[in-house]
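Subject: Structure for you to look at

Hello,

I am handing over the structure we talked about. Please open it alongside this message.

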Amino acid sequence: MPSPRLCCHIAAHTSSSPARCWPVADSGRRMGPSQRRRGCRRRAFLAAPGEGPPSGTIPGWASEGPGASGKNRRVCHAAARLEMGSLWEEFNRLGTEMIVTKAGRRMFPTFQVKLSGLDPSADYVLLMDFVPLDDKRYRYAFHSSSWLVAGRADPAAPGRVHFHPDSPAKGAQWMRQIVSFDKLKLTNNLLDDNGHIILNSMHRYQPRFHVVLVDPRRDSERFAHENFKSFSFPETQFMAVTAYQNHRITQLKIASNPFAKGFRDGEPEPWCGGTLSPPRAAAQQKGRGAGGRAAPPLLPRGRGALAAVAPPGFPAPPFQPLAYPPGVYVGAKPRAGPYPLPPLRPAGFSSTTTAFGYGQQ
C-alpha cells in the first residue's frame, strides 16, 4: 500500500482547481521513433480555467497532468477510459446530483474505468479522491430549474481517499477487467468513522482517479512524485445534495438505475375485465392452500356490504347497528364498566358513532 507521504505527493502534484485533461504532444523534449511507436507522444496537461484543448480530444479518455515526462516508465503510458460515458454525459447535460447521507450513499452512475498501458508484472494501487470545483455554495431555483450561487463555500470537509478493495494487484489483472468503484460511499457526516468520502451538501465536486505504482525500492519515498498518475473526467462533475433538486435527474436515475425497479413498478397496471379487482384476485390466488381449495372470498366492508353480497333476487336485510347494554362497554371481554357511560349523541350523527357512544370513538 502507498505510504501517507505518497498520498500527500498525489494531493500536492495534482491541481485542486477546476481542470480538464487534454491529450497533447510533449513539446518539451525530442523523442525518437521507438518512443513514438510506444505512444509516448500522447501526453496531457491540466488546462487552466478557460483554456481549450490544444489538439483533438479523445472522448471518454483522460491522461495525467504536468510533469508526465518525468513519471516512472511503468506509469507514464497508463491510460484510462470512462465506462458508461454516454450515461455520464446525459447526466452532465442536466447537472449531475449525488446524494450524501449520514450513513453514506453509493454513487450512481458508478465510477468505472478501463485501464491500459500498465506493466503487466508490476503492482499497482488504485484510489479515488474528490476535490471542490470552486469556493462557492449553491442553491436550486425551482422557478428557473437552475443552480444559483448562494454564498461562499463552507469550511472544507476532511480530505479522504478511497482505495479500491482489490489493491494492490498486478497490472495484468487491472487491465483484464473493468475497474469499478461500486463500494465507494458519500456522506456529509463530519464525524464519520467508516472511511466514507466526506462532502459538503450544495457544493460542486470533481472525482479524481489515481494509479499508484508499488515501488519495491527501500527509498521509494524519494520517488513518490513520479510513481503515480492521475486522471480526471469533466463529465463526472456533480453537485452534492441531501435530496434531489432537479426532477429530471430523479426521473433519469429511476429509468437508468437497475436497483430502482421498485420505483418503475410502483404504478398500477391497467385491469382488463374480470369480476374481482386485481388486488383481490391476487389475494384469493395467494389464499389457495396445498389441496387446491380456494380461500373464502373477500367481503366488502362498510354500510353497503350486505347489499353488495346479497344473492340476486333476495332483498338485503336492513342495516342494524350494534347495541350494548348501558352498563357494559366494549373491551377484550364484556364486563361491567368502571364508570357510567355518557348519554348517547343526538340523532344527527352517524349510527356507528351513536351505537358505541362517546367513550368508544
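Below is what was found in it, from the whole chain down to single residues.

The model is predicted. The chain has 361 residues, of which 34% count as buried. Its secondary structure comes to 9 helices and 20 strands. Among contacts with a separation of 6 or more, 70% are between residues 24 or more positions apart.

The core

The largest nonpolar core holds 33 residues. Leu-115, Phe-130, Leu-186, Leu-199, Phe-209 and Phe-238 have the most contacts inside it. At least two residues of this core come from each of strands S4 (79–82), S7 (112–116), S8 (123–132), S16 (203–213) and S18 (238–241). In general, nonpolar side chains in soluble globular proteins tend to be buried together.

Beyond its neighbours within four places in sequence, Phe-209 is in contact with residues including Ala-80, Val-113, Leu-115, Leu-126, Met-128 and Lys-229.

Aromatic pairs

The count of aromatic pairs comes to 10. One of them is Phe-91 with Phe-108, edge-to-face at 6.3 Å centre to centre and 85 degrees between the planes. Phe-91 sits in helix H3 and Phe-108 in the loop between strands S6 (105–106) and S7, so that the pair links distant parts of the chain, 17 residues apart. Both residues, Phe-91 and Phe-108, are buried.

The ring centres of Phe-181 and Phe-209 are 5.8 Å apart and the planes stand at 75 degrees, so this pair is edge-to-face. Because Phe-181 lies in the loop between strands S13 (179–180) and S14 (185–187), and Phe-209 in strand S16, the pair ties together parts 28 residues apart in sequence. Phe-181 and Phe-209 are both buried.

Helix H5

In helix H5 (residues 247–256), the buried residues are Ile-249, Leu-252 and Lys-253. Seen down the axis of H5, these fall within an arc of 100 degrees, so they line one face of the helix. They pack against helix H3 (85–94) and strand S5 (97–99). Gln-251 and Ala-255 are exposed, on the face of H5 turned away from its buried side. The N-terminal end of H5 is capped by Asn-246, with a side-chain oxygen 3.0 Å from the backbone nitrogen of Arg-248.

Regards

Note on methods
Residues are numbered from 1 along each chain as its sequence is written. This is a predicted model: local features need pLDDT of at least 70, side-chain atom pairs count only at pLDDT 80 or more; totals for chains, interfaces and linings use all residues. Side-chain values use heavy atoms; hydrogens and water are left out. Helices (H or I, at least four residues) and strands (E, at least two) are DSSP runs, numbered from the N terminus. Buried means under 20% relative accessible area, exposed over 50%, partly exposed in between (1.4 Å probe, protein chains only). Contact means heavy atoms within 4.5 Å. A nonpolar core is a set of buried Ala, Val, Leu, Ile, Met, Phe, Trp, Tyr and Cys residues joined through side-chain atoms within 4.5 Å. The arc is that of the directions from the helix axis to the C-beta atoms. A polar contact is a pair of N or O atoms within 3.5 Å; within protein, one must be able to donate a hydrogen and the other to accept it, and residues adjacent in sequence count only if both atoms are side-chain atoms. Rings of Phe, Tyr and Trp (its six-membered ring) pair if their centres lie within 6.5 Å; planes under 30 degrees apart count as stacked, over 60 as edge-to-face and the rest as tilted.
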